Amino acid sequence: MRRPGAIGWALAAPALVVIAVFFALPVIAGLALSLTDFDLYALADLSTLRFVGLANYGHLLRTPLFWQALGNTLYFVAVGVPVSIGLSLGAALLLNSRFARWQPFFRTALFAPVVTTVVAVAVIWRYLLHTRYGLINQALAAIGVDPVDWLGDPHWSMPAIILFAAWRNFGYNMIILLAALQAVPRELYESARVDGAGALRQFTDLTFPMLTPTLVMVGIMTISGYFQLFAEPYVMTQGGPLRSTVSVLYFMYEEGFRWWNLGNASAVAFLLFVVIFSVSWVLLRFDREPGSNA
Amino acid sequence: MPTRRRALRRLALGGVAAAGAVATCGCGHSDDPRGPLNFWAMGREAEVVTELLPAFYARHPGVQVRVQQLPWTAAHEKLLTAYAGGALPDLCQLGNTWLPKFTALDALEPLDALVAGSRIQREDYFAGILDTNVMATPQGERLFGLPWYVDTRLLFYRTDLLRAAGFGHPPQSWAEWLTAMRAIKQRADARGARGYGVLLPLNEPDPLFALALQQGELLAENGTRGAFAKPAFRRALDFYAGIFHEGLAPLMTNTQVSNVWDEFARGLFTFYVSGPWNIGEFRRHLPPSAQGDWATAPLPGPNGPGVSTAGGSSLVLFKGSPRKPAAWQLIEFLSEPATMQRFHALTGNLPPRRSAWRSAALANDAPSQAFAAQLERVRAAPKIPEWERIFQEMQLTAERVVQRTQSADAATQQLDAWTDALLEKRRWLRARGHVVGAGT
C-alpha cells in the first residue's frame with residue numbers, strides 16, 4: 001500500500017512543486033500582503049510596514065470608486081457575456097448549417113480575433129470608433145444616426161468596450177459550441193423533422209437542450225474571464241471618461257502599480273476572487289438543479 | 001544597515017513577485033564604471049536628445065550614452081518597478097512632481113555639491129521651478145534634480161474678440177477677468193452665437209490648481225492633512241465653479257471638444273488656460289486668417305497678476321549609479337544655456353534658465369514672453385509622494401461642485417476627510433520622527 005503511494009507522490013511531485021511555487025506561495029504572499037499597508041514608504045524602508053488586519057478590506061468597502069469599479073464590471077459582465085455567447089452561438093449555428101460554404105475558411109476567419117494582440121487591435125478599433133473619421137460612425141451616418149462619441153462619452157464608453165471585447169472573444173466560444181453542435185446526432189434531427197418540427201422548434205426543443213451543458217461551461221468560463229476585464233480599458237480609455245470604464249482589475253492595477261499601495265491592491269484581488277467564486281458557485285448550482293430533473 | 005535593509009527589501013519583494021512587482025530586465029545595469037551611460041527619457045524629448053549628443057561626445061570622447069525612450073503613460077510604473085528590481089538607469093528625465101516619490105524612496109543623488117563645483121549658477125534658474133527640486137532630508141534641504149524644461153499654465157486668448165467686447169488689454173485680476181468674460185458672453189448672446197468666456201476642460205485639474213496656488217496652502221500641518229475646506233481653497237473653488245455656474249464656460253471635458261483649435265478659431269471661447277506646447281500647436285493648427293488674432297498673457301490673480309503652476313521635467317542622477325561623474329557631465333552639458341536653446345529650437349520646450357531666454361528665438365517671440373513673465377511667478381506643488389493622487393481627487397471633487405451634484409461645503413469636507421485618510425501614514429511616520437519626503 002505504501003509503495004504505490006510513494007511512487008504516486010514522486011510522480012506528482014514535479015507538478016506539485018510547480019503549483020506550490022507558482023500558485024500557492026504567491027496566493028499566500030498576496031493574502032499576507034493584503035493584511036499589511038505595504039506602500040511606497042515600506043518599499044523604501046521595510047521597518048515602516050504595518051500589520052493592519054482587515055483594515056484594507058474595510059477601507060475598500062467604504063471607497064466609492066471601488067463600488068463604481070464593481071458596478072462597471074458587473075455592467076460589462078451582465079451585457080458582455082450574453083452578447084458574446086449569443087454571437088458565438090449564432091456564428092456556430094451558421095457554420096454548422098447544411099448550407100454553409102467554405103466552412104474551414106470562415107471558421108479560421110472568425111477565430112482570428114482571438115489570437116490577435118489586444119494592443120494592436122485596440123489601435124485599429126480606436127480608428128473604427130473615432131467620432132469623426134471612424135467607420136462605425138460613418139455607417140451610422142448612412143442610416144441617419146448622429147455621430148456617437150464612443151470613447152469620450154461616459155454613456156457610450158462601456159458599450160464600446162463591450163463591442164470590442166465581444167468581437168475579440170466570441171471566436172473562442174464559437175469553436176467550442178461548434179464542436180458541441182457537431183456532436184448532436186443527425187438522426188435526432190431526422191426524427192424531429194419526421195415528427196413535423198420546424199427549424200425554430202428544432203432549435204428550442206432539440207439543439208438548445210443538447211447544448212445546455214456546454215453552454216453552462218462556456219458561460220462560467222466567459223463570466224470569470226469577463227470579471228477580469230483589464231486590457232481593453234487599459235489600452236482604449238485608461239479608465240475614463242469620468243471613470244466609466246474602470247473595472248475592478250483596472251482599479252487594482254492603479255492601486256498597486258500607479259500608487260504603489262500593494263496592500264490595498266492585494267485586498268482588491270481577494271475581493272474579486274470572492275466575487276468570481278460566488279458567481280461561479282451559484283451558476284454551478286443553477287446548472288445542477290434543472291439537470292437533475294431532466 | 002542599508003545593505004541589510006536592502007536584503008530585507010529584496011526578500012519582501014520575493015513575496016511580492018507574485019504580484020508582478022519585480023521587473024528583472026536584461027538591459028539592466030552593469031556595475032562597470034566605464035560602461036555606457038543609461039539615460040531614460042520620455043516621449044519626444046528622448047528622440048530629440050540624441051540629436052544633442054554629438055556635441056557632448058565631441059567634448060567627452062570617452063563617454064557613451066544609451067538613450068532609452070519611455071512612453072509617458074508607462075514611465076512612472078516602469079521607474080518604480082525598476083527601483084524595486086534594482087534596475088534603475090544612471091540618469092533620467094523625471095517629471096518634477098515625481099521627485100518627492102523618488103526622494104521618499106531615497107533613490108536620488110543630492111546635487112548640491114556637484115552644482116556648487118560647476119559653472120552652473122542656481123540663481124540663473126527661475127526660483128519657483130528650481131524649488132520643485134529641493135526636498136527636505138534629515139540633513140536639511142537638498143537639491144535632487146536640475147530643471148530641464150518648464151511647464152506652466154497661463155491665458156491663451158483671442159485678441160479680436162476681447163477688443164470687440166471692449167477691452168484693449170488682457171485681464172490682470174480675477175475681477176477684470178470676470179468682467180471681460182461677462183461682456184464676451186453678452187456680446188455672443190446678443191448676436192445669437194454660441195460663445196463662452198473661457199474653456200476650462202472639466203477633466204483638467206491644472207487651471208483650478210493654479211487658481212488655488214494663488215490663494216495659499218492646499219495642505220495643512222506639514223503636508224499631513226487636507227486644507228481644502230479652509231477659506232483659501234474655497235475662494236479658488238468658488239471662483240472656478242462660479243465661472244461655470246454663470247454660464248461663462250461650457251461644461252465640457254477635453255474629449256468632448258473634438259478640436260480645440262477649430263473651436264478657438266470659430267470663437268466658441270475667448271480665453272483658454274493652457275501650457276507652452278500650445279504655442280506651437282496654435283501656429284500649426286489655426287487657419288492663417290486667425291494667426292494674427294491670438295496672444296498669450298500671464299494668469300490673472302485675485303488682485304493683479306497671479307502665480308501659476310511650476311511644472312516640467314528635471315534631470316536626476318540615481319544614487320545606485322556606478323557612473324556618476326560621467327552622468328553628471330551629461331546633466332551639466334544638457335543644462336548649458338546653449339544646449340537648452342538648441343533643445344528649445346528642436347522641441348519648443350521652454351528653458352528653465354533665464355540666460356537661455358536671451359536667444360532671439362525666445363526674446364523676440366511675443367507668445368513666449370508671457371511665459372517668461374509667468375515663470376517669475378510660479379509656485380511648487382506640495383512635495384509629497386501622494387500629491388498626484390490628491391490632485392486628481394481635487395478635480396473630481398471640483399467637477400461634482402461644478403455639475404451641482406454636491407455643495408461646495410460638503411464636497412470640500414469630503415475631500416479633506418479623504419486626504420486625511422490617505423495621509424495617515426505620513427502622520428504616523430512623523431510621529432515616529434521620520435523626516436517625511438526623504439529617505440531615512
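Predicted model: local features only at pLDDT ≥ 70, side-chain atom pairs only at ≥ 80, totals over all residues.
Domain bounds, as I use them here, come from an automatic or database domain assignment. Keep that in mind for chain B.

Let's start with chain B. Its assignment gives two domains. Domain 1 takes residues 2–151 plus 311–379. Domain 2 takes 154–309 plus 387–422.

Domain 1 of chain B puts in 16 residues, and domain 2 of chain B puts in 18. Stay on the domain 1 side. Two elements of chain B each supply at least two residues there: helix α16, residues 366–375, and strand β17, residues 378–379. Which element gives the most to this side of domain 1? It is α16(B), with seven residues. What classes of residue make up the side of domain 1 of chain B that touches domain 2? Eight are nonpolar, five are polar and three are charged.

Next, a sheet in chain B. It is open and has five strands. Read the order with me: β2-β1-β3-β16-β6. The pairing is mixed. Look at the edges. There you find β2, residues 65–70, and β6, residues 146–151, of chain B. Why is one side of each left without a neighbour in the sheet? Because each of these edge strands has a single partner strand. From one strand to the next, the twist averages 20°.

Zoom in on one pair. Strand β1 of chain B covers residues 37–42, and strand β3 of chain B covers residues 91–95. They pair in the parallel sense, over two bridges. Take Phe39(B) as an example. Its bridge partner in β3(B) is Leu91(B).

A helix goes with this sheet. Helix α13 of chain B, residues 324–334, lies across β1, β2, β3, β6 and β16. Strand β16(B) is residues 311–317, and α13 runs at about 150° to it.

Over to chain A. How many helices and strands does chain A have? There are 13 helices and zero strands. Along its principal axes, the C-alpha trace of chain A spans about 80 × 75 × 35 Å. Chain A has 294 residues, and 31% of them count as buried. Finally, contacts in chain A. Take those between residues at least 6 apart in sequence. Of these, 67% join residues at least 24 apart.

Note on methods
Residues numbered from 1 in each chain as written. Chains lettered and ligands numbered in written order. Contact = placed C-beta atoms within 7 Å. Helix = DSSP H or I, 4+ residues; strand = E, 2+ residues; numbered from the N terminus. Nonpolar A, V, L, I, M, F, W, Y, C, P; charged D, E, K, R; others polar. Pairing = 2+ DSSP bridges. Axes fitted to C-alpha atoms, helices over the stretch in contact; angles between N-to-C directions. Buried ≥ 20, exposed ≤ 12 C-beta atoms within 10 Å, placed from the backbone.
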